[in-house]
Amino acid sequence: MTLALYNFPQSTCSQKVRLVLWEKGLPFEDRKVDHKSREHLSGWYLALNPNGVVPTLVHDGAAILDSSVIMEYLDEVFPDTPMSMPDPVGRAALRKWLRYFEEVPTPSIRVPSFNRYLVRRYRDLSDEDYNRMADNHPIRKHFYRRLAKKGFDDRETAEALDRLQQTVDRMEKALGDGRPWLMGERLTVADACVIPTIDRMQDLGLARLWAERPHVAAWYDRYAAREAFGRTYYPGTRLSEIFAGAG
Amino acid sequence: MLTLYHNDASTCSQKVRFTLAEKGLDWESRTLDLRAGDQQTPEYLALNPNGVVPTLVDDGKVIVESTVINEYIDDAVDPGSLRPAGAIGRARMRQWTKQLDEGVHAATGVLSTCIAFRHQHFAVKTREEIEQQLARMPDAAKRERQTRNIFDGVESPFFPGALKRFDRLVGDMDTALESGPWLAGDTFSLADVAYAPYAVRLDHLQLGLLWDERPHVAAWYERIRARPAFKTALVDWFNPKYLPLMAEKGQEALPRVRGILAGG
């Protein structure tokens, strides 16, 4: 059994999968892809993952794409320390969370991430070089084109923050009955799916979005105390660390 | 321990948050919903009898008026880092900050109401309810202005004056910025901090055309926006309900705006 995870330290979707691998105690080869040199757009990586994004799991030669798919795959193939629900209704409810997190907070967190830090990488490129870089991304081309070197405009930024607040509010409501995890007593891939976004919000200085949401605050502290969290968030996985000191 | 009572969109609140961020100070946030009248509660009026935001409380000491608060904060740590070193530089800075309280801030309210915020009244109140609310305003001149601004929008008789005031202001800023990168000269100061929220408000109301032909102001605005403190203090607090409203209604108002600026 060989598991290899192609990933970036700082990628929220990579962190989701690392959390599950560590929670389940699964040894894996941590194949760090180099973002700065755009290794994720290189020929060999695109052969593995035509979307040019991370993470990609390779298990005994088979490439598994998409972080939620990877998480559910791992839970199916390695059922010890289960992180899903035992019954179809429970799994349907869990997948409702996964679909919501994929559609709403995961894309929204890119906006403040790019505005705050990642736009610095592109500031000094000529327009031509920037556009060429954008066009090299199989599924993010239009995203980069809209970002257009300067970052997102204020309206898009405000709307992204609104969607992140909605995510926090929904979680607060679900956790309101005092349950430790989103699906109840069991830590599941639903929690793993969203905590990197919450952690990124904290790193971007947006923790105030849950300043008055005590259940979400407690859930975050609870998860952060777990060994899998410490293993996932080793030094160099936060944007504030990667971009420290840069103008 | 610093506590700031403030509102997300209020320009005077933005000024103070910007200063706190530039100075790297931690502070406790207490937001007020101005549309809901939080600033008129007895508890808040006990702190700030003017019933406006922001108010800073520093270990029990209450400071009001954003221009005053900003200088207070600048003294708190690394004193004077946001004020020019010499007397003439400080005088220049204060000429700018004083100007805001002498008509510019009021003109901002006129533009914002006429173009965008008037629609928020109509969304939740009948004409009668709006009239009843206006009737309760004690100051007759203010009441008349607010009535015309809400009901007539960009056709209000007060709209052209407010717009032209800003046109003149942006021209004055452009002239000052010919001599240096910042309003008071070579160094970034509380003058730049104070004017940033007004530039942002104009931008959101689609009035950035005021600096289409004022390249120094355009460049100054980009420099302001590039500062990390701008992001944490202003961008992160933008109200997601107001921005689409200001953008859409601002676009609608442009023909009237262009007409007034062209001499109509």
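In what order do the strands of the open sheet in chain B run, and with what pairing? The legends below start there. This is a predicted model, where local features need pLDDT of at least 70 and side-chain atom pairs count only at pLDDT 80 or more, while totals for chains, interfaces and linings use all residues. Residues are numbered from 1 along each chain as its sequence is written, and chains are lettered from A and ligands numbered from 1 in the order in which they are written.

**View 1. The open sheet of chain B.** Four strands line up as β2-β1-β3-β4 in chain B, and their pairing is mixed. Helices (H or I, at least four residues) and strands (E, at least two) are DSSP runs, numbered from the N terminus, and two strands pair if DSSP finds at least two bridges between them. β2 (28-31) and β4 (61-64) of chain B sit at the edges with a single partner strand each, so one side of each has no neighbour in the sheet. From one strand to the next, the twist averages 20°. Zoom in on β1 (residues 2-6) of chain B and you'll find that β1 pairs with β2(B) in the parallel sense, over four bridges. Look for B:H6, which stands opposite B:T31 in β2(B).

**View 2. Helices α1 and α3 of chain B.** Two packed helices are described by the angle between their axes and the distance between the axes. Here α1 (residues 11-22) and α3 (residues 66-76) of chain B pack at about 5°, with 9 Å between their axes. Axes are lines fitted to C-alpha atoms, for helices over the stretch in contact, and angles run from 0 to 180 degrees between N-to-C directions. That makes α1(B) and α3(B) roughly parallel (angles under 35 degrees count as roughly parallel, over 145 as roughly antiparallel, 65 to 115 as roughly perpendicular and the rest as oblique). On the α1(B) side the contact uses B:C12, B:K15, B:V16, B:T19 and B:L20, and α3(B) answers with B:S66, B:I69, B:N70, B:I73 and B:D74. Residues are in contact if their C-beta atoms, placed from the backbone, lie within 7 Å. Sorted by class, this contact has five nonpolar, three polar and two charged residues (Ala, Val, Leu, Ile, Met, Phe, Trp, Tyr, Cys and Pro count as nonpolar, Asp, Glu, Lys and Arg as charged, and the others, Gly among them, as polar).

**View 3. Helices α4 and α11 of chain B.** The axes of α4 (residues 87-124) and α11 (residues 242-261) of chain B come within 9 Å and cross at roughly 130°, so α4(B) and α11(B) are oblique to each other. From α4(B), B:I115, B:A116 and B:H119 meet B:L245, B:M246, B:K249, B:G250 and B:A253 of α11(B). Five of the residues in this contact are nonpolar, two polar and one charged.

View 4. Chain A splits into domain 1 (3-77) and domain 2 (88-242), with bounds from an automatic or database domain assignment. Their C-alpha centres are 18 Å apart. In this contact, 19 residues of domain 1 face 25 residues of domain 2. On the domain 1 side, α1 (12-23) and α3 (67-77) of chain A each supply at least two residues, and α1(A) has the largest share, eight residues.

**View 5. Chain A against chain B.** Each chain puts 12 residues into the contact. On the chain A side, α5 (105-116) and α8 (154-174) are the elements giving two or more residues, and α8(A) gives the most, seven residues. By class, that side of chain A has three nonpolar, three polar and six charged residues.

Methods: Two residues are in contact if their C-beta atoms, placed from the backbone, lie within 7 Å.
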